[in-house]
Amino acid sequence: MFAVELQALEIPSLLLPLSGIQRAVALRFAEQGCATVLEPTDLARMGALDVAIQSLLALPADPVGRCAIPLDGASRIVERMHESQT
């Protein structure tokens, strides 16, 4: 998921969710002030993309850790799996 990588690098993004899980993730990032969400159905509305881009450009370029996600998630999962094996 490209959006997760952008959030890890703290780069604001414009997200167009195509599934329920993508919508949940996109809304979470938007709540943190790290992304703008544009619903696919809104693309047909005149000016919706322009509004979304303006909203994205208004986000702080340096969120100072607000949007950072842990980069060691895979390691944590493996450690937990090893712990449960013992």
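Leu59 touches Pro12, Gly33, Cys34, Ala35 and Thr36, leaving aside residues up to four places away in sequence. The model is predicted.

**Exercise 1.** Find where Leu59 lies, and decide: is Leu59 buried or exposed?

*Solution.* 
- Step 1. Find the flanking elements. Leu59 sits in the loop between helix 3 (48–58) and helix 4 (73–85).
- Step 2. Read the relative accessible area of Leu59, which is 18%.
- Step 3. Apply the cut-off: buried means under 20%. Leu59 is therefore buried, because its relative accessible area is 18%.

**Exercise 2.** State how Leu59 and Ala30 are separated, in sequence and in space.

*Solution.* 
- Step 1. Along the sequence, they are 29 residues apart.
- Step 2. From C-alpha to C-alpha, the distance is 10.0 Å.

**Exercise 3.** Which residues make up the largest nonpolar core? Then trace the contacts of Leu15.

*Solution.* 
- Step 1. List the core. Its 5 residues are Ala3, Leu15, Ala26, Phe29 and Ala35.
- Step 2. Take Leu15. Among its contacts are Ala3, Ala26, Phe29 and Ala35.
- Step 3. Complete the list. Leu15 also touches Thr36, Val37 and Leu38.
- Step 4. Link back to Leu59. Ala35 and Thr36 are among the residues that Leu59 touches.

**Exercise 4.** Describe the whole protein: its elements, its buried share and its surface.

*Solution.* 
- Step 1. Count the elements: 4 helices and 2 strands.
- Step 2. Order them from the N terminus: α-β-α-β-α-α.
- Step 3. Of the 86 residues, 23% count as buried.
- Step 4. The accessible surface is about 6,100 Å², and carbon and sulfur atoms hold 63% of that surface.

Methods. Residues are numbered from 1 along each chain as its sequence is written. This is a predicted model: local features need pLDDT of at least 70, side-chain atom pairs count only at pLDDT 80 or more; totals for chains, interfaces and linings use all residues. Side-chain values use heavy atoms; hydrogens and water are left out. Buried means under 20% relative accessible area, exposed over 50%, partly exposed in between (1.4 Å probe, protein chains only). Contact means heavy atoms within 4.5 Å. A nonpolar core is a set of buried Ala, Val, Leu, Ile, Met, Phe, Trp, Tyr and Cys residues joined through side-chain atoms within 4.5 Å. Accessible areas come from the Shrake-Rupley method with a 1.4 Å probe; for residues, only the protein chains shown count as cover.
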